[in-house]
Amino acid sequence: MATLLIVHHTPSPNCQAMLEAVVSGATAPEIENVQVVRRAALSATASDVLAADGYLLGTPANLGYMSGALKHFFDQVYYPCLDETRGRPFGYYVHGGNDVTGAVRGIESITTGLGWSPAANPVTVTGEPDKAATEACWELGATLAAGLMS
């Protein structure tokens, strides 16, 4: 069975809505033989990353960058996971009050360094997530999980 690791920092109701939509998509009844593991960014470990077959990341955009929690996650797992996870699929979502550009740039820079392979377009939302945004998050979760089905 494949494993999709969802690593998230969810400090607000808007981020929570996006996380719930991602999880709902990743665990849709049509998805088979994929275990979905959720970890808060501050508690996710290199062992979690090494045990997973794909990754879905979620963060707010804080002060023009990804959350400190997600950056901490990357700092903890980067070198221990660098060689063994190269080529694995990933996706991400970002929520911001008015701009997510810096957070997107940071995530893409680090995942490029890790050699992870984008499996879906990112979902970026500013302001309160509307129906289209939560549907896009659902699709993101479903796409990542379906890509891991064997």
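A residue is called buried here when its relative accessible area is under 20%, exposed when it is over 50%, and partly exposed in between (1.4 Å probe, protein chains only). The structure is a predicted model, in which local features need pLDDT of at least 70 and side-chain atom pairs count only at pLDDT 80 or more, while totals for chains, interfaces and linings use all residues. Residues are numbered from 1 along each chain as its sequence is written, and side-chain values use heavy atoms, with hydrogens and water left out.

Seven of its eight residues are buried, so S5 is largely enclosed by the rest of the structure. Helices (H or I, at least four residues) and strands (E, at least two) are DSSP runs, numbered from the N terminus. Two strands are said to pair if DSSP finds at least two bridges between them. By that rule S5 is parallel to S3, with six bridges, and Thr59 faces Val94 of S5 across this pairing. S5 also pairs in the parallel sense with S7, over four bridges; there, Tyr93 has Val123 as its bridge partner. Strand S6 (residues 117-118) runs parallel to S5 as well and is joined to it by two bridges, with Pro89 partnered by Ser117. S5, H4 and S6 together form a right-handed β-α-β unit; right-handed means that, with the strands pointing away from the viewer, the path from the first strand over the helix to the second runs clockwise.

Within S5 sits Gly91, which counts as buried because its relative accessibility is 0%. Contact is taken as heavy atoms within 4.5 Å. Beyond residues up to four places away in sequence, Gly91 touches Tyr55, Leu56, Leu57, Leu140 and Leu144. The C-alpha atoms of Gly91 and Thr111 are 9.8 Å apart, although 20 residues separate the two along the chain.

A nonpolar core is a set of buried Ala, Val, Leu, Ile, Met, Phe, Trp, Tyr and Cys residues joined through side-chain atoms within 4.5 Å. The largest such core holds 29 residues, and Leu57, Phe73 and Phe74 have the most contacts inside it. Two or more residues come from each of S1 (2-8), H2 (46-51), S3 (54-62), H3 (68-81), S5 (89-96) and H4 (101-114). H3 is the biggest contributor, giving six residues. A second, separate core has 22 residues, among them Ile6, Val22, Ala26 and Val34.

Helix H5 (residues 131-148) has 18 residues and spans 26 Å from first to last C-alpha, close to the expected 26 Å, which is 1.5 Å times one less than the number of residues. Its buried residues include Cys137, Leu140, Gly141 and Leu144, and the buried residues of H5 pack against S1, H1 (13-26), S2 (34-40), S3, S5 and S7 (123-126).

Finally, two loop residues deserve a look. Most residues other than glycine have a negative phi. Asn33, in the loop between H1 and S2, has a positive phi of about 60 degrees and is partly exposed at 40% relative accessibility. Leu63, in the loop between S3 and S4 (65-66), has a positive phi near 50 degrees and counts as exposed because its relative accessibility is 91%.
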